Amino acid sequence: MNSPYYILGLDPGIASCGFCLIDTNNHRIVEMGSHLFPIPQNPKDKVSLAKKRRGYRSSRRNNQRKKNRLNKTLDLLKDYGLIPQDATKNDLQSAKGDKPIRELRVKGLDDVLTDREFAQILYSLAGRRGYISHGAGSFNDLDSVENTGDAENGKVLKSVKENTKALKEGNYRTVGEYLASTPRSRNRGGDYEMCVLHIQLIDEVKNIFSAQRACGNSKASEDMEEKYLAIFSREKKSVQQDERVYSQVGSCTYFSEETRAANASLSSEMCRAYERLGHLVIVQNGNTEKRLTSEQTAYVMNILFSPEPIKGNKYCKVTYGHLRKKFVLSAHDYFKGISVDKEKTTEIFTPHAFRKMRSVIYESNRGFMSRLLDDLDFADAVMEALTYASSEESLEVRLGVLGVELSKDDMQLLKNVPFASKNFKGYGNRSKKALDLLLDAFKEDEVFTLFDAEKSTGLYDYRIDDSQHTKTNFLPPYSVYDPVMKNPVVLRSISRMRKIVNSIIRLYGVPHEIHIELGRELSHSKNEKKRISKARDANEAANKEAASLAASLLGIEEAEVTGKVIQKIKLYEEQDQKDLYTGKDIDFEQLVKDDFYCQIDHVLPYSRTGIDAMKNKVLCLTSSNANKKERTPYEWMNSGEEKSPDWNVFKARVQNSSKIKNNKKKFLLRESLTPEDQDGFLERNLNDTRYMARVFKDYLRHCLVFPEGRYKESVLAVNGATTGMLRRVWGLNFGAHGVKDRKDDRHHAVDAAVIAACSVSAVQNVARNRYSIKRDKESRLASTQPWLSFADDVIAYRETIIPTRMVDHGVTGSVFDEFFYSFCEKDKQREDKKICTSKTTRKYDKNGKYTEKKRQDVSGNYRLHDNGKTVQKIGGMAYLQLWHDPHARHGKGKWYADPVFYADIPQVKTGNYKSTIAKAGLARNYWEEIPEHVLMQNPIVIFRDDVVEINGLRARYSGFNIATAYISWNDLLTGEATKIMPSLGKWDNATKVCVIQEDCLGYCYKEYKVDSEE
């Protein structure tokens, strides 16, 4: 046996990680498997689970603050003799004969109030003190009210604006007087139509106290007013909270001793604008690529960062359509990556923070905006303070710490800026020091991209410097490597990948190479994910339509239509039913029925570029493909051959097509393909340079001590398109139409095997042996795989894989249903068995008309409150206990199911929990307790997703239905529901039950074979 050369392939995603360790020196697959884990997101809206918990936590805190405020108000009312010393909050509730509170608030402006009426007003206002902006901007100018990025908050702000406008237009003295004129004064059913500002309520309180003093009410003293307003306006301390949050901001990518700058800082926005402009490419004549000149870049920057609104362009926007007109581009010229129909509306770059500053500040103080642009240090400090602060007090403190001196008017001006909005959120990866260097570099003529700027300033050497990282033989927790990463989805994926890598290292040492491919979900933003998902759905719909057309012509099932035929039909539609090279018409029926009539050709020869994507494919007549040979369209059409098409006619055909995308037009009209170009294509197709790929790659490269390998780089981020091509060539897709089989989770392991085997030589061999691949499978395998039997070995190993899963054994979760139900009556069919509850839904129409609807619901798992009238349904189940009674059923034995809910955990911890036997059709309160002799044993405890073995059969536990006392199971391979396991009622003394402890590498299944229900 040769000395092993290990390559580890990883395919991490948001809910899985495929892995494969191969030994290329000894031609063997060492380890291969799929590891699954739950996504920390709500499956419906993809929102982090932590967000919901934060919402509940915030509600609890707000309720506690409200309670404290009301208690202090009650004490104040007693101190000033408005209510008796023994009065409670119930005494202030409206009783028969009392006027509604909103009518009392109007009365208090003109007539003297009784002590009870005055107390009712003050107590009511203390419980509902209006919307506090917390940096949402000035409300003097309604247009300045800014959405903070939260959907619910956006509704509040919209209502605040509308009510503030109505208050002014109606000449109402107070918001109380305005609300009294409306059909209702409270928000109902989750709407926020009646929201008003806290400062408006403060004005109302002051007006009521002033009016009462004028009417001779001796209780409305200035002393009491001052104390009441102190209670009414009390807020949590934000200065310490903001300081704590800022302490968690990470270090600069280049200078570890420097703190990252705010995204809203002017330097940061300018730097990002230069980056965007540096990557902007204009494609002329369908082939020639040009970047913006320094003069053109300066023109755009001057508009984006103009200190004043431009006439006819209030927000100083620069769209691609604007530049098309300014630079006088022809109809055939286009911006790379932007479709022509989106040029008029798509902005090149949006400096959100600077634009908002200009809209709020310019009209009030034009010199302030000029000062920001003239003094970048001053501007960055101001923007940093706006990002840091969550309150006006905190803003003042932070500006002082940063040494920013402002006049009283300028300070008030800054407070009008909506600094709590999404425009002033977050910190980038670069410090102020690094941004200054990059900005200076971007102003040089030959600097276009960030890489150019890094090289020009020497920052590139700081970024790749490994000296700041301690390398070991195992991966440290990612939180040690990068303490500022907070994305829970990415952190979960990295954590599971780390577990797999470290497990491999314990068994075999650090691999010589690690190849990694990032799933799309980890590599794109939320909007990009939606776009990709939408494109994927559209592609699937097009495939289905093409398969249906072909199936009807061929008289076969849709599933029998090959992928090649589907691809031909899609290209046929894209090319307006013509051979794109010659312009000749293509007959659809013959296209489908005759495989030799038309062929799919690679625009830029596959043997020279290795590009197998749709952007490099056309449908042409077989004769056209034969005449073109291994040449580009330009090379063929300018060869002087008699049968070659006219280049200019072809060029016009391509340019005038509305169905062919710009990136494909670039391939079709490319005029040169040098050896250097070819090598560049191969290299770019192999390497993945996206952000998350770089993050994972740097984590591995910086933290592991790799043995000496064959290449300079031990970690390779592999491009997904390349592995997809290799998987197809090697016959590892398994699915219909030659696509990847996703019906079970073993495909992650197959992907990882391909990723491990992916190399520059493999890509080159596939590309350069295209024709031999078509003719001879053995030749294909010999020339492209790491060893001759690699694909067969992967296929054989795949059959032995059972995906493993990370199971959460935590016992925290939702204790109760969030709704309260009224207790109705015992179930009439089985009086002692189930409990009927009802929930009342209240609705108000726009005129304030009130309706309510009761819905009855039968529940067997609830908590009855002490009042005997209200119930709450018990929340989630923590785990299931299985108890074995060997003496039951006359010695044959029996098993009992005992579900333990999150609500039971406090009793479990104190030892007060009583185990009961779940019985179908019975409310949980009526279940019998587990017999004492059974409790002498230890139960078998299973959590959701645990793998359980019963008499040699294995399945994954998916839940327990207390209404039917039925345990449900999922198949180990597919994850679908299965009935392979015997029902609980059939278990006896002969039943052997055990929980399988899964390891991430799947060693728990090495000796176990599973037959999936397929």
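What share of the 1014 residues of the chain counts as buried? In this predicted model, the figure is 48%. The accessible surface of the chain comes to about 51,500 Å², and carbon and sulfur atoms account for 48% of that area. The secondary structure consists of 40 helices and 26 strands. Contacts also reach across the sequence: of those between residues at least 6 apart, 66% join residues that are at least 24 apart.

Six strands build an open sheet, and their order is 12-9-1-2-3-13. Strands of a sheet pair through backbone hydrogen bonds, in either a parallel or an antiparallel sense; here the pairing is mixed. The edges are taken by strand 12 (715-717) and strand 13 (804-805), each of which pairs on one side only.

Helix 34 (residues 747-757) touches strand 1 (6-12), strand 2 (16-23), strand 3 and strand 9 (513-516), and its direction makes about 45 degrees with that of strand 2. Helix 38 (residues 790-798) likewise packs on the sheet, where it touches strand 2 and strand 3. For helix 38, the angle of about 45 degrees is formed with the direction of strand 3.

Terms used:
Residues numbered from 1 in each chain as written. Predicted model: local features only at pLDDT ≥ 70, side-chain atom pairs only at ≥ 80, totals over all residues. Heavy atoms only, no water. Pairing = 2+ DSSP bridges. Helix = DSSP H or I, 4+ residues; strand = E, 2+ residues; numbered from the N terminus. Contact = heavy atoms within 4.5 Å. Axes fitted to C-alpha atoms, helices over the stretch in contact; angles between N-to-C directions. Buried < 20%, exposed > 50% of the residue type's maximum accessible area, 1.4 Å probe, protein only. Areas by Shrake-Rupley, 256 points an atom, 1.4 Å probe, with all protein chains shown as cover.
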